[in-house]
Amino acid sequence: MKRFVCIHCHFYQPPRENPWLEAIELQDSAYPFHDWNERITDESYAPNASSRILGSEGRIVKITNNYSRISFNFGPTLLSWMEHKAPEVYQAIIRADKESQERFSGHGSALAQVYNHMIMPLANMRDRVTQVRWGVRDFESRFGRFPEGMWLPETAADTKTLEVMAELGIHYTILAPHQAKRIRRIGSEHWEDVSNANVDPSRAYVANLPSGRKIHLFFYDGPISRAVAFERLLSSGEFFASRIAEASSHERDWPQLLHIATDGETYGHHHRHGDMALAYALEQLETNGHGTLTNYGEYLEKHPPTHEAEIIDNTSWSCIHGVERWKSDCGCHSGMHPEWSQAWRAPLRESLDWLRDSIASKFEHVGSEIFKDPWAARDAYIGVILDRSRDSIASFLEQHAARHLDEAERSRALKLMELQRHAMLMYTSCGWFFDDLSGIETVQVIQYAGRVIQLAQSLFGEDYESGFLERLQRASSNVHEQGDGRRIYERAVRPAMVDLTKVAAHYAVSSLFEENTEDTPTYCYDIEREDYRVVEAGRTRLALGRVRITSKITLESETLSFGLLHFGDHNLNGGVRSFRGEEEYQRMVKRAEQAFSRADFPELLRVFDAEFGASTYSLKSLFRDEQRKVVSSVLESTLEGTEMIYRQIYDAHAPLMRFLADIGMPLPDALQKPAEFVLNTSLKRTISEDEFDLDRIAGLLDDARARNIALDSAGLAFALEDALERMTDRLLKEPDEIDLLRKLDGASALAEDLPFEVDLWRAQNVCYELYQSVYSQYRKRADNGDELAREWVERFRSFGANLSVKVK
């Protein structure tokens, strides 16, 4: 009997955007990357778009897009980030779905996903409907087709959720085997109990729902899926392929579907080079006749269900207690801190439920004054989320507003929609998944709640924060210093809240350190500069100005004036206030400039106190990325001086350090630290320079080896990867540049010899692309006696060998 193989990958990251900036800020824990989305893209999403298949010599013989041959889903919020921050990978995913339609009888391999990974059985009915509608609409906007299937977060399911999906046109979903309750052949009266994961995963099932609708179900192979995720099956692509092939049975007399489902990050992030094991397994399964690759849509069309199934309500793939992991201390945790309690989960959910339900009636009442149907407007708001242009907003309001809205009412309408968006984002499942209330994923959902509270205060004029914190303080962290939910909110949420005044303060402070144009967008805010002037006296500068800030999200807008006094380095002081008219503004400017011209700084600060009140701003007022950038700039002179001192120590004692290394004696800290600083700083700087001086880099590495100096492996690898990427991108555009190819040959050889691993993914992609596109032309010219072409071919072969790319 014929065997079909389908491997499903659930690719997802929790939304990490600052709720007030709509952008992910710098995350130091992801070093050397900017944030965890960027890091996991580098480790998993990008490699799966260009995965390597190695030949017998261990060299790359083929680069393939895994996505086109598997079944997959991506979280909508992740794809939204990727579209702007990793566009090449994003486009590879979109192309893969189109390629899979050609491969699999017109059925695309991409599935939709519930919008922001909410645990659906724990959601109220309105949220379930909106989550599915938003997931479908997001999918359509990206993949250009209606989704056949939809992934449920954590595969958490109940009959009500299946009803919503079926009503909205979803044909199938994928569940864990232990979620099946009983099955029977279609037309039979007899039910067979298949609880305890006894369902046969090799066929499709149909669930006939109480409403009369139906939805198809696939229960993945549990043992193989666990082996992939947790038992190192991906250590060998060959073993992986064999394990899948062995899942077939001669006792089955139907076309068997051998399929598994895991987190997609398993292939590369959780298991390094797991993407290569996947690519090799797919190749082996198909070429060796162990199974025909398919996806769920194609299999369902060609082999309709012969059996129906019922599920066990309130179950999931990652909690043996059902869905308790997202509401109670059920015992499920990450394993990192087995002694910790998760008793905080219940009060967290209770706090969020209280907040959601408290604002619902107000939303409905106020929303009914603006919208024909506020809940229908919420369902349609995904169109604005996908396209924040003024035309898109106007179209949305034209369709859903109860009447013509003035400027203030339009802003109010958008705030109502944003209130509801964040009221759903605060239920993102990762908030409960891990071990502690103070974890970054949990703080993130509490920040979404903070945004809900801020918007509700603005819209309804009521205090929701007190009631929320009264409930949240019942949740306690396992980390003593973090305290309870109230303390975490006060430490990590309230200071993060942003309003137009804070945006103006950010603009004002940053303007002293970098040149801003007249109209400078800052995150999700447009900034129109109406007046700006800087007066200098030595290192001291006075900045005065007026700007109009407009939120791209809510269209809320305000004109604000500011004044800042910068004493040099990190020392500055100033204020921001609402613009009170041209006359008062000019009076403030005149008083400030007169005090500054006399160098009467105490008087100037008194002017600021009188004009701006007690609210003062400093470098701490900058948003995180800009703050890091500005502080790094301020530190440059300090670090230059420190480097000079360290270099003097290093140069003066270099022979002694070499002698100590030769006799095996550890360097004293007083010599070790300067040596580490000097050599690592010099290496990073030299690697990052455009000329890429190989001899200089080799000499510095020799010095580090001779003195047993610890290298900043992550930082240096990242710098070299960036340099290689710049050079290979140039070579792709200008393949005739033989000098560039010589430099790349040397740089790739250096990367191979370093005492730490360098990710050559991008360089390998370009090498493989050039091999497929232009190599044969140069080889033909070389064979005809062209000496320059002959050197090009030799250099390219060496370059390929350094990168482990097979070049004949």
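**Close-up views of a predicted model**

**View 1. Trp151 and Trp317 are both buried.** Buried here stands for under 20% relative accessible area, with exposed over 50% and partly exposed in between (1.4 Å probe, protein chains only). This is a predicted model, so local features need pLDDT of at least 70 and side-chain atom pairs pLDDT 80 or more, while totals for chains, interfaces and linings use all residues. Residue numbers start from 1 along each chain as its sequence is written, and side-chain values use heavy atoms, leaving out hydrogens and water.

**View 2. Searching the whole structure turns up 38 aromatic pairs.** In one of them, the ring centres of Trp151 and Trp317 are 5.1 Å apart with planes at 70°, so this pair is edge-to-face. Trp151 belongs to strand β6 (residues 150–151) and Trp317 to the loop between β14 (307–311) and α10 (345–370), so the pair ties together parts 166 residues apart in sequence. For pairing, rings of Phe, Tyr and Trp (its six-membered ring) need centres within 6.5 Å; planes under 30 degrees apart are stacked, over 60 edge-to-face and the rest tilted. Elsewhere, ring pairs join Tyr771, Tyr775, Tyr778, Trp792, Phe796 and Phe799 in a cluster.

**View 3. His107 sits in the loop between α3 (87–103) and β5 (110–113).** With a relative accessible area of 11%, His107 is buried. Helices (H or I, at least four residues) and strands (E, at least two) are DSSP runs, numbered from the N terminus. Not counting residues up to four places away in sequence, His107 touches (heavy atoms within 4.5 Å) residues including Ser100, Asn295 and Glu301.
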